[in-house]
Structure formats: structure tokens, C-alpha cells
Amino acid sequence: MQPTALAGVPTTMDEEYELQTHRLEDFHWWYRGRREVIDAVVRSLELPSDACILDAGCGSGRNMVELARYGTVTGIELAEASVARARARAVGEVVHGSVYEMPFETASIDFAVSLDVIEHLDDDLLALRELRRVVRPGGRALVTVPAYPWLWSSHDHVNHHRRRYTRTMLDTVVADAGWEMDRLTHFNSVLFPAAAIARGLQRIGSSGRPPRSDLERTPRPLNRILSAPLSMEARLIGRGRSIPVGLSLLVVLS
């Protein structure tokens, strides 16, 4: 059965912004840094060589490129423009559908990721329960989300976020979905103080201004500078270290 979107779930972010993210993913410091962090964690999990991997909410499929090194990767995505881009990468099957109702057999997935996805959903619990259904007993899942509700800004509005998470919020929803938490860490910590100040000032001075995203084209020299802290964090997290504060949260589930 073809999975369908549920009422109240945005079928896509603004198309212009969606296409902008596709253009930025290869070089923008945030996307590059997050890929390094994710790759360090995946390496540490020592997945079976023939692992069946799912990218739930795969977007343009950019993360599937790295995940394909660890097994056979399948993506599922609701936004049609992203599905087309992901399929064009030809790194694995891409299903057009909702993470609420995935056309995969129960206990058929060894490892799943859902990277900055559940904060977009009206019902994050339902999505995490569906993820729990398709991942086999003994399998793992990796989820990332934006941290701290008090950091809410125009970036969250433009991205159609429903929420940002505290550790307690994330711990509660994954437990209610039937998962056990293997590890939890923040990342993107070095820029946390500057981002907190900038977003506070933005709230003070944003009256009447249209919402804007943080993901703007960063000059390439600055991209290299901003990538360095996340590269350092990736090495630490890959060694099993946890970071106490940061703009994002990462959880490994079993």
C-alpha cells in the first residue's frame, strides 16, 4: 500500500526554500558538520556489513550517500521535489510517502536515521512508534533534533518546525514510543553562545520583519572556519564522549 500523509502534516516546506537547501547541502558548514557527526556515530556502532538502512525523511538524499557505505540504504520522503532529487543520486531506493505510515515490513530494518525530521511533525510520537515498528529487535536508530525551546526564532518558522527539544522532552517521547536510549548528546556547541545572543536580539528587533532562515549562503572562507568546531565535536562524539550543551541533540536508540 502506498503510504499517505496524515492531516495536519505539511506536505512540503516552501518550495523555494526547499530548493535552496538542496543547493547548500554540499558545502554549507552546518550540513557538512552534521554529516561528520553522524558518520562518526555510525562508525562507532559497528553495523553488519550487509545492514539494511533506512533514512526516514531523507530529504534530497544527501545523507544517503554516506549511509550507503555501511549497507543497503532506502529513503522515504514526502516532499516531491526532494524525492526527485534523492532518486537522481541513485544511491538507493527512495519511496514517496509519510514517516507516519511506512510501506516496510515489521522488524525489517537493521539501522534507521531520522535527521532533523520529527520537529516538523504534529505527532512526533506516532512517527517514532512507526520507526520502532520497522526496526528489528536489536537494531538501532539515530535521531537528531534542534535543541532548546527558548531558542525559537524566525529560522524555526521558515522551516515549519513544530517544536525544539529539551533533553527531557526527547527522553520522554522516545520512551513513550517504545525505545530505549543508548546515548544522548548535544552537538554544535561552540557556536551556541553566539547563536543564543543573536536569536535574543532577533526577537527584540524583529517586529514587522519577514521570517528568515539561518541557512543563508555563507562565504566559502567562513564556511571552512565554521566547519572546524563540528569536525572536532565529531571526533569527540565518535569516541563516545557526550557534549553537555549545543544547538542540536543527537540520540541513539535501541
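In this chain, residues 24 or more positions apart account for 76% of the contacts with a separation of 6 or more. Contact here means heavy atoms within 4.5 Å. The model is predicted: local features need pLDDT of at least 70, side-chain atom pairs count only at pLDDT 80 or more, and totals for chains, interfaces and linings use all residues. Residues are numbered from 1 along each chain as its sequence is written, and side-chain values use heavy atoms, with hydrogens and water left out.

The chain has 254 residues, and buried ones make up 55% of them. Buried means under 20% relative accessible area, exposed over 50%, and partly exposed in between, with a 1.4 Å probe and protein chains only. The secondary structure comes to 9 helices and 7 strands. These elements are DSSP runs numbered from the N terminus: helices are H or I with at least four residues, strands are E with at least two.

Start with the sheet. Its 7 strands form an open sheet in the order β3-β2-β1-β4-β5-β7-β6, with mixed pairing. Two strands pair if DSSP finds at least two bridges between them. The edges are β3 (93-96) and β6, each pairing on one side only. From one strand to the next, the twist averages 15 degrees. Axes are lines fitted to C-alpha atoms, for helices over the stretch in contact, and angles run from 0 to 180 degrees between N-to-C directions.

Now look at strand β1. It covers residues 51-56 and runs parallel to β2 (residues 71-77), joined to it by 6 bridges. C52 stands opposite T72 in β2. D55 stands opposite G75, also in β2. Because 5 of the 6 residues of β1 are buried, this strand is largely enclosed by the rest of the structure.

Helices lie across the strands. Helix α2 lies across β4 (109-115), β5, β6 and β7 (248-253), and runs at about 20 degrees to β7.

Helix α5 spans residues 124-134, and its buried residues are D124, A127, L128, E130, L131, R132 and V134. The cover over them includes β1, β4, β5 and α7 (167-176). D123 caps the N-terminal end of α5, with a side-chain oxygen 3.3 Å from the backbone nitrogen of L125. R132 also lies over the face of W179, at 4.1 Å from the ring centre. A charge sits over a ring if NZ of Lys or CZ of Arg is within 6 Å of the ring centre and within 35 degrees of the ring normal.

Turn to the aromatic rings. A search of the whole structure finds 4 aromatic pairs. Rings of Phe, Tyr and Trp (its six-membered ring) pair if their centres lie within 6.5 Å; planes under 30 degrees apart count as stacked, over 60 as edge-to-face and the rest as tilted. The rings of W30 and F187 have centres 6.0 Å apart and planes at 0 degrees, so this pair is stacked. W30 is in helix α2 (residues 29-45) and F187 in strand β6, so the pair ties together parts that are 157 residues apart in sequence. W30 counts as buried because its relative accessibility is 12%. F187 counts as buried because its value is 0%.

The rings of Y148 and F192 have centres 5.3 Å apart and planes at 45 degrees, so this pair is tilted. Y148 lies in the loop between β5 (135-146) and α6 (154-158) and F192 in helix α8 (residues 192-205), so the pair ties together parts that are 44 residues apart in sequence. Both Y148 and F192 are buried. Ring pairs link Y148, W150 and F192 into a cluster.

Two histidines complete the tour. H186 sits in strand β6 (residues 181-187). It counts as buried because its relative accessibility is 2%. Its side chain makes a polar contact with the side chain of R167 (3.5 Å). A polar contact is a pair of N or O atoms within 3.5 Å; within protein, one must be able to donate a hydrogen and the other to accept it, and residues adjacent in sequence count only if both atoms are side-chain atoms. The backbone oxygen of G246 lies 3.1 Å from a polar atom of the H186 side chain. Not counting residues up to four places away in sequence, H186 touches residues including Y148, R167, I237, G246 and S248.

H28 lies in the loop between α1 (15-24) and α2. H28 counts as buried because its relative accessibility is 1%. H28 and N223 are 195 residues apart in sequence and 6.3 Å apart in space, C-alpha to C-alpha.
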